[in-house]
Amino acid sequence: EYPWLDLSQKSIYRLSPKYKELISKTKQVFVHKIALFIIENTNPIIIYAYVSLTMVTHYGNYMILIGYVVTFMNVIFEGMGASIGNLVAENNKNHTLEVFWELFTSRLWISAIACYGLYISISPFISLWIGEKYLLSNTTLILLIISMFIRITRSVVDSFKNAYQLFADIWAPITEALIHLGGAIILGNLWGLNGIISGGILSQIIIVLLWKPYYTFRKGLKSPLFPYYIQYIIHIAILAGIAILLIYCSNYLFNAEYLPDSVFKECGKIILLFFAYTIITYLLLSILTSGMRRFTFRIYNIITHRI
């Protein structure tokens, strides 16, 4: 098909010096991917070693459902990678920052909706699916949701980091994996399953929430990092605050004596809370952040142009 391609050993040695940067970045990406694989697949082994095989099963049931949501969210977000690469290639700093904040707000909002929806529905679903004896504690569920939220929202910074080809920090994924394993083993020995999950969250906070934004803003976006952390705190305060408020109110609204316990009552509660959370957080973010207003305007333009 392609007779002009020279597949001899000599051609490899001739081309390798010409594309040193490509080969170097490929090796760097390999380290990042291997470390991520280790991080995402070692918890069951540690749980078996420091808790019990039964707890591995309970944990696995939750991770199956969480995995479906994470996969779905990744499908939504990862399709934007090529467009972000094209945006970076345009070398328009102001426009790149505007798009970053738009994606930042929209992804955090969508991820928070997914996490909140999973939080209020996963325990009833597990109870109906395999029984209440397979339920984990509420503290464990909250830790799993926090880990899931960081795992999903890391794609915001990662997309721009990858677009700028910032893979040289190979120490970061190795350090994240070491902190994850070390934290999980030490804390798991002290607090069991909650400690193992907390060890993973600790590694995510240090590398994903602190280092990667710093590296991306300094080397890629070349913009001050302080506004990022301020915006992150504002978004988390709104998203987490509304979630806590709605859960607190639901304990009174749906525990009335005239509402008998049933599957329909539980489904109605979940649907009502889900849409209430979605609408309230959208309105607050639209008022307080420019990123959500730009996201709304973009969706409006897409819909009107298609119509």
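**Briefing: salt bridges, cores and cysteines**

The structure holds six salt bridges, a salt bridge being a side-chain nitrogen of Lys or Arg within 4 Å of a carboxyl oxygen of Asp or Glu. This is a predicted model, in which local features need pLDDT of at least 70 and side-chain atom pairs count only at pLDDT 80 or more, whereas totals for chains, interfaces and linings use all residues. Residues are numbered from 1 along each chain as its sequence is written, and side-chain values use heavy atoms, with hydrogens and water left out.

- Glutamate 40 and arginine 151 form a salt bridge through their side chains, with an N to O distance of 3.6 Å.
- Because glutamate 40 belongs to helix 2 and arginine 151 to helix 7 (residues 138–163), this pair ties together parts that are 111 residues apart in sequence; helices here are DSSP runs of H or I with at least four residues, numbered from the N terminus.
- Glutamate 40 is partly exposed at 40% relative accessibility, and arginine 151 is likewise partly exposed at 27%, where buried means under 20% relative accessible area, exposed over 50%, and partly exposed in between (1.4 Å probe, protein chains only).

**Salt-bridge network**

- Arg154, Asp158, Glu176 and Lys212 are linked in a network of salt bridges.
- Within helix 7, arginine 154 and aspartate 158 are four residues apart, which means that about one helical turn separates them, and their closest N and O atoms are 3.2 Å apart in the salt bridge.
- Arginine 154 is buried with a relative accessible area of 14%, and aspartate 158 also counts as buried, at 15%.
- Aspartate 158 also meets the side chain of lysine 212 in a salt bridge (3.5 Å, N to O); since lysine 212 lies in helix 9 (residues 193–221) and aspartate 158 in helix 7, the pair ties together parts that are 54 residues apart in sequence.
- Lysine 212 counts as buried, at 8% relative accessibility.

**A buried lysine without a salt bridge**

- Lysine 25 is placed in helix 2 (residues 20–41).
- Lysine 25 is buried yet has no salt bridge, and the nearest side chain of opposite charge, that of glutamate 21, is 4.1 Å away; Lys and Arg count as positive and Asp and Glu as negative, while His and the chain ends are not counted.
- When residues up to four places away in sequence are not counted, lysine 25 touches Gln165 and Phe167, contact meaning heavy atoms within 4.5 Å.

**Nonpolar cores**

- The largest nonpolar core has 68 residues, of which Phe100, Phe104, Met148, Tyr228 and Tyr277 touch the most other members; such a core is a set of buried Ala, Val, Leu, Ile, Met, Phe, Trp, Tyr and Cys residues joined through side-chain atoms within 4.5 Å.
- Helix 6 (residues 93–129) supplies the largest share of this core, with 18 residues.
- Tyrosine 228 is in contact with Phe100, Trp101, Phe104, Val157, Pro213 and Phe217, leaving aside its neighbours within four places in sequence.
- A second, separate core of five residues includes Leu166, Ala172, Trp211 and Tyr215.

**Cysteines**

- The structure holds zero disulfides, a disulfide being a pair of cysteine sulfur atoms within 2.5 Å.
- Cysteine 249 is partly exposed, with a relative accessible area of 32%, and cysteine 267 is partly exposed at 38%.

Notes:
Helices (H or I, at least four residues) and strands (E, at least two) are DSSP runs, numbered from the N terminus.
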